[in-house]
Amino acid sequence: MCIFAFMKLFTTDDIRAIERQTIAADGITARTLVDRVANAAAAEIATHWRPTKRTVIFAGPGNNGADALATAMRLIERGFNPTIFLFNIGGNSIKNECVQFRNALRSDFPDADFNEIINTFNTPELGPNDLVIDGLFGSGLREPLSGGFMALVRYINESGAKVVSLDIPSGMFADWDQQSPARDIIHADLTLAVQFPRIAFFLPERAKLVGRWKLLDIGLNREAAEKTKSMFHLVEASEIKNLLHPRQAFCSKDDFGSALLIAGRFGMCGAAVLACRGALRAGAGKVTLFAPQCAFQIAQTAVPEAMFEADDNNLMLSAIQPGRSFKAYGIGPGIGTSDTTISAVESFIKTSKTPLVIDADALNCIARRPDMLNHLPLLSVITPHDGEFDRLFGEHTTHEARIKKALEVSKYYNILILLKGHYTALVRPDGKIYFNSSGSPAMATPGAGDVLTGILTAFIAQGYKPEVSALIAAYVHGRAGEIAANIHGDYGVTANDIAQATGRAIMEIMQPTAIE
């Protein structure tokens with residue numbers, strides 16, 4: 001299976017190891033890294049808020065607290081007058097870096113509004129006009145918040161103040177989460193992540209608490225990061241550009257493969273049309289629709305560029321028997337789940353020899369007869385949304401739980417799972433997970449998944465491997481959604497707008513100006 005050089009997403013332990021290697025290799029101290037965090041954080045904060053903004057900084061007893069204290073000093077130098085609270089419960093609970101920056105703050109800025117909390121804490125009044133810098137607990141948190149810290153977090157959330165979290169919102173776990181209640185985690189407006197985004201940022205239940213996030217480059221050793229293995233990756237435009245092949249001057253449609261889309265039934269022929277449009281805009285050389293006879297006139301009128309093969313049945317799929325072979329097959333959009341169609345899908349899957357793209361009602365058919373999973377060709381790509389995934393593999397309460405289950409079933413069946421969402425995740429049999437970074441809320445519209453099926457099938461038809469096709473298709477689909485949203489707004493985008501923007505999305509990705 002292909003290995004890709006995408007941005008790695010590291011666990012907390014990995015990042016700590018990279019920090020230690022940076023200190024050793026570059027001959028610096030831990031304090032230097034804290035200073036770098038503070039300089040970058042203060043510069044970012046100063047671009048959004050003026051020094052006259054009432055600012056309250058909460059510093060915890062660990063490394064995150066040291067970052068907060070150092071940031072406070074840099075903000076004071078920029079003209080801010082923050083109120084600073086350092087939690088040193090009992091008088092000796094703060095770590096070494098925290099001690100150093102507390103002493104530096106006292107020495108260098110004796111007039112600062114600095115409060116060290118040893119015993120009792122009188123919560124300052126906070127409101128919507130205030131700015132809170134959250135440096136209570138970073139990515140090293142090991143247990144859910146409790147007691148006074150939990151109460152403080154809840155108060156900050158309820159205050160309506162703007163919140164900037166350093167590293168990660170306090171109370172959140174950076175890696176796989178332990179499902180602390182959302183009210184016990186800081187609800188940040190802006191999260192300033194140190195060097196790398198955290199895995200939790202891409203889990204829907206936690207991503208909404210992160211707010212907008214931005215990376216602070218503190219110069220961690222690149223060689224150390226490159227040598228550190230990771231199962232998590234983030235897919236961005238530059239990597240997709242490297243995967244896409246420019247077309248040669250002397251080429252024909254035969255060079256770009258043939259795609260068969262098995263889609264549609266009476267009343268759902270639009271799904272078939274959208275899949276075909278997606279495939280054509282994504283560059284498949286030849287696109288054929290296999291559908292019930294009732295779809296013939298609709299498809300030939302709406303998508304005259306696509307050829308048509310008819311099922312024997314007028315209203316639904318009854319026997320999927322294409323008249324010839326194709327380079328790629330996509331099945332599912334709008335086919336329904338009648339017993340007749342389920343049997344047709346089962347027979348088709350059991351006789352298929354090449355990887356399939358399986359979406360929508362084809363997944364629901366499989367859910368009705370799960371034994372079909374045992375017959376999926378190796379490296380087939382299934383593209384479920386949350387509901388379809390749960391119908392296949394059981395109910396799950398969180399996206400994180402679905403990803404963990406996807407890891408298990410992907411390996412067991414040797415298939416690729418493209419779990420759709422705001423950060424669509426490609427889960428591979430080798431245990432690697434790729435989060436897609438493109439997309440828009442405007443894509444929450446009927447038929448968007450049908451367009452993705454067409455795009456994905458088209459890239460496989462063009463000769464890209466299934467795991468490569470899935471990455472490209474997810475990113476292109478998301479970028480097309482962004483382009484459509486720029487034209488029609490988040491409320492006004494239709495699936496057809498996404499299909500129409502697909503070619504432009506590919507063009508923009510491949511142009512140097514798109515990423516440089």
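1. Basis of the notes. Residues are numbered from 1 along each chain as its sequence is written, and side-chain values use heavy atoms, with hydrogens and water left out. The model is predicted: local features need pLDDT of at least 70, side-chain atom pairs count only at pLDDT 80 or more, and totals for chains, interfaces and linings use all residues.

2. The seven-stranded sheet. An open sheet of seven strands runs in the order E4-E3-E2-E5-E6-E7-E8, with parallel pairing. Strands (E, at least two residues) and helices (H or I, at least four) are DSSP runs, numbered from the N terminus. Two strands pair if DSSP finds at least two bridges between them. At the edges are strand E4 (113–117) and strand E8 (212–216), each of which pairs on one side only. From one strand to the next, the twist averages 15°.

3. Five of the five residues of strand E5 (residues 131–135) are buried, where buried means under 20% relative accessible area, exposed over 50% and partly exposed in between (1.4 Å probe, protein chains only). Leu131, Ile133 and Gly135 point one way from E5, while Val132 and Asp134 point the other way. Strand E2 (residues 55–59) pairs with E5 in the parallel sense over five bridges, and Thr55 stands opposite Leu131. Strand E6 (residues 162–166) also pairs with E5 in the parallel sense, over four bridges; Ser165 in E6 is the bridge partner of Asp134. The chain gets from E5 to E6 through helix H5 (residues 147–159), in a right-handed β-α-β crossover. Right-handed is used here when, with the strands pointing away from the viewer, the path from the first strand over the helix to the second runs clockwise.

4. Strand E7 (residues 190–194) and E8 are parallel and share five bridges. Val194 stands opposite Leu216 in E8.

5. The eleven-stranded sheet. A second open sheet has eleven strands in the order E1-E9-E18-E17-E16-E15-E14-E13-E10-E11-E12, and its pairing is mixed. Strand E1 (7–9) and strand E12 (307–310) stand at the edges with a single partner strand each, so one side of each has no neighbour in the sheet.

6. Strand E17 (residues 425–427) and strand E18 (residues 433–436) run antiparallel and are joined by three bridges, with Leu426 opposite Tyr434. Helix H14 packs on the sheet and touches E16, E17 and E18, its direction making about 165° with that of E16. Contact means heavy atoms within 4.5 Å; axes are lines fitted to C-alpha atoms, for helices over the stretch in contact, and angles run from 0 to 180 degrees between N-to-C directions. Strand E11 (residues 286–291) and E12 run parallel, joined by four bridges, and Ala291 has Ala310 in E12 as its bridge partner. With helix H10 (residues 296–302), E11 and E12 make a right-handed β-α-β unit.

7. Where does H16 bend? Helix H16 bends by about 95° at Asn486; the bend at a residue is the angle between axes fitted to the seven residues ending there and the seven starting there. H16 (residues 466–492) has 27 residues, but its end C-alpha atoms are only 32 Å apart, short of the 39 Å that a straight helix would reach. The expected span is 1.5 Å times one less than the number of residues. Of the 27 residues of H16, 19 are buried, so the helix is largely enclosed by the rest of the structure.

8. Helix H17. A kink of about 40° is centred on Thr502 in H17. This helix (residues 495–510) has 16 residues and reaches 23 Å between its first and last C-alpha, close to the 22 Å expected. Its buried residues include Ile498, Thr502, Ile506 and Ile509. What covers the buried residues of H17 includes helix H8 (237–243), helix H9 (269–281), helix H15 (448–461) and H16.

9. Which way does phi point at Ala360 and Asn414, positive or negative? Ala360 has a positive phi of about 50° although it is not a glycine. Ala360 lies in helix H12 (residues 360–368) and is buried, with a relative accessible area of 12%. Asn414, also not a glycine, has a positive phi of about 60°. Asn414 lies in the loop between helix H14 (399–413) and strand E16 (416–419), and at 28% relative accessibility it is partly exposed.
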